[in-house]
Amino acid sequence: MDYFISLVVIGFSIGMVYALVALGVSLIYSGLDIVHFAHGEIYMLGAFIGLTIFDRLGFSYLASLLVAALVVGCIGALIERLFYRPLTRRGGGISVSGMGIIIAGFGMSIVLQNVAFLIWGPKALPFRVSFGAPLEFGELTLPMSYVWIVCTALALMLLINFVLKRTMIGLAIRAVAHNKDIAYLSGINVPLMMSLIFAAACALGAIAGVLIGPINYVVVLMGSAILMKAFAAAVVGGFGSLPGAIVGGVTVGIIESLGAGYISGTFKDVYAFVVLIIVLMVRPSGLFGVQARMKA
Amino acid sequence: MLDIQDLIGGYGNVRILNGATLSVKRGQIAALLGGNGTGKSTLLKASSGLIKSWSGSITFDGERIDGLRPDIIVRKGLVQVTQGKDAFPGMTVEENLRLGAFTIRNAPLIADALERVYGYFPVLKDKRRQPAGTLSGGQLQMVCIGRGLMSSPKMIMLDEPSAALAPQVVLDIFRTIYRITRDGMTVLLVEQNVRMALLLAEYGYVIKDGIIHIQGKAQDLIYDDNVRLSYLGGTMANREATLNPPQAPSDR
């Protein structure tokens with residue numbers, strides 16, 4: 001029983017990281033109508049930048065987390081303005097979902113991988129943080145790095161919920177997600193809001209990267225695996241739904257952990273996609289996907 | 001207040017507006033009438049900045065506004081009120097209204113505007129915590145008009161406020177629009193419901209093929225056969241006839 005609980009707890013923590021990346025993917029999808037295939041590389045960049053700040057500049061872990069989020073948020077806004085915006089414009093609207101933008105996303109992911117390769121090299125770098133003694137609950141011990149993940153992720157989710165529900169900016173973001181023309185006519189600076197949404201999504205991805213750093217190594221290719229899991233999480237929850245992204249992320253994390261613990265660790269990455277396929281067969285719109293999706 | 005001169009524009013390569021000219025005076029209700037596909041929505045979108053016109057000019061309150069971003073035009077005091085179906089269904093009534101005041105940072109001003117809107121539409125006050133998705137069509141239209149009023153604009157442009165509503169509801173809405181104008185608002189009313197619009201408006205324009213086809217005082221247009229004709233299939237030829245009428249009847 002203890003074994004089961006510890007698997008669930010660890011799966012839940014890792015699931016929170018998936019959820020953060022999936023939240024970013026969903027935010028971008030609902031706000032900009034872009035399925036962002038370079039989001040895994042944003043996460044990878046976050047991990048590298050966080051590590052560099054932590055190792056080279058001697059910042060505390062929390063400060064590295066925040067600075068990495070800020071830096072990657074700015075990089076994200078820049079990428080969106082310089083590369084994605086002209087493409088969506090050419091599509092005719094303020095934003096448009098299409099093949100061009102998907103291929104551009106793949107291209108961007110390769111570019112970012114190679115940029116990271118040039119800066120940080122091919123080796124997997126360790127992210128050594130001394131968090132102190134693990135927490136103990138009776139028989140159960142939980143390393144502090146997992147506690148950090150869960151607390152940071154929960155705090156971020158509460159923050160997002162607060163911003164979206166209680167502030168004017170959040171209201172504007174929901175309006176932009178629902179209908180850009182109407183948002184424009186309400187006096188909202190839609191292009192600015194879109195940049196803001198993209199930057200926030202990238203900041204979330206970067207934080208996820210810094211959080212996973214101390215558990216795994218930081219390496220150039222870490223982005224592709226997480227992207228697929230984040231997509232699985234987003235689809236399981238219902239693509240574009242924010243609560244869905246969280247529930248989907250946690251579901252994928254726990255099932256992966258249970259599968260690795262009880263069946264075989266070698267196929268750890270397979271379980272998430274088995275869940276994905278089953279959900280798509282049984283409930284194609286995802287757990288939280290409603291038929292007429294109300295994004296606002 | 002609003003002056004549109006020889007406006008040409010469209011979507012992509014498709015030309016919709018062919019040199020439309022109209023003007024709305026301060027404190028006036030003007031009606032822009034036309035069937036589907038005549039260019040009235042395009043004209044509206046060009047004025048509110050959602051699409052860029054190709055040539056011609058749009059002047060609002062003495063300033064050129066063509067080519068500006070929609071949110072800037074809202075800040076200048078010209079607001080396009082959308083159709084009721086364009087309320088945000090997942091947001092509460094009050095959230096919808098507050099969104100209209102996005103350009104305003106001053107909390108007391110927003111509170112005043114909210115009270116004013118609830119004064120025009122008491123029903124919305126009772127339902128202010130409900131999601132807009134649960135309202136009736138008429139109430140949704142009220143939400144959209146209210147949202148347009150929240151930034152305390154100088155002029156509003158209403159996009160078919162009567163669309164898909166029961167006649168009794170339309171009457172209610174139009175009565176309120178009249179009250180809003182009496183309180184000093186300038187209104188451009190874009191409508192397919194010709195009779196209702198002309199009863200409310202002081203001046204009317206009929207648009208067809210992207211050009212103003214007929215214009216005149218509303219009470220004259222109501223009895224004008226050409227207005228009816230242009231809906232049933234008038235041509236450019238009878239536009240010439242209307243612009244240079246052989247002899248205006250004087251027995252009205």
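Two residues are in contact if their C-beta atoms, placed from the backbone, lie within 7 Å. The model described here is predicted.

**Chain A as a whole**

- The secondary structure of chain A consists of eleven helices and two strands.
- Read from the N terminus, the elements of chain A follow the order α-α-α-α-β-β-α-α-α-α-α-α-α.
- The radius of gyration of chain A is 19 Å, which agrees with the value near 19 Å that a compact globule of 296 residues would have.
- Along its principal axes, the C-alpha trace of chain A spans about 60 × 45 × 35 Å.
- Of the 296 residues in chain A, 50% are buried.

**Helix α2 of chain A**

- Helix α2(A) covers residues 39–56, which amounts to 18 residues.
- From its first C-alpha to its last, α2(A) reaches 25 Å, close to the 26 Å expected at 1.5 Å a residue.
- Because 15 of its 18 residues are buried, α2(A) is largely enclosed by the rest of the structure.
- Just after α2(A) comes G58(A), which takes a positive phi of about 70°.

**Where chain A touches chain B**

- In this pairing of chains, 18 residues of chain A are in contact with 23 residues of chain B.
- Two helices of chain A, α6 (168–178) and α7 (180–185), each supply at least two residues of the side that touches chain B.
- The most is given by α6(A), which contributes six residues to that side of chain A.
- By class, the side of chain A that touches chain B holds ten nonpolar, six polar and two charged residues.

- Strand β8(B), residues 186–191, is mostly covered, with six of its six residues buried.
- Both faces of β8(B) are covered. On one side T186(B), L188(B) and V190(B) are buried, and on the other V187(B), L189(B) and E191(B) are buried.
- Strand β3(B), residues 29–33, runs parallel to β8(B) and is joined to it by five bridges.
- Within this pairing, L33(B) has E191(B) of β8(B) as its bridge partner.
- Strand β7(B), residues 155–159, also pairs with β8(B) in the parallel sense, over five bridges.
- The bridge partner of M155(B) in β8(B) is T186(B).
- Between β7(B) and β8(B) the chain passes through helix α7(B), residues 167–182, and this β-α-β crossover is right-handed.

**An antiparallel sheet in chain B**

- Chain B has an open sheet of four strands in the order β2-β1-β4-β5, with antiparallel pairing.
- Strands β2 (14–24) and β5 (63–64) of chain B stand at the edges, each with a single partner strand, so one side of each is left without a neighbour in the sheet.
- Strand β4(B), residues 55–60, runs antiparallel to β5(B), and two bridges join them.
- The bridge partner of T59(B) in β5(B) is R64(B).

Terms used. Residues are numbered from 1 along each chain as its sequence is written. Chains are lettered from A and ligands numbered from 1 in the order in which they are written. This is a predicted model: local features need pLDDT of at least 70, side-chain atom pairs count only at pLDDT 80 or more; totals for chains, interfaces and linings use all residues. Ala, Val, Leu, Ile, Met, Phe, Trp, Tyr, Cys and Pro count as nonpolar, Asp, Glu, Lys and Arg as charged, and the others, Gly among them, as polar. The expected span of a helix is 1.5 Å times one less than its number of residues. A residue is buried if 20 or more other C-beta atoms lie within 10 Å of its own, exposed if 12 or fewer, and partly exposed in between; C-beta atoms are placed from the backbone. The radius of gyration is taken over C-alpha atoms; the globule rule is 2.2 Å times the number of residues to the power 0.38. Two strands pair if DSSP finds at least two bridges between them. A crossover is right-handed if, with the strands pointing away from the viewer, the path from the first strand over the helix to the second runs clockwise.
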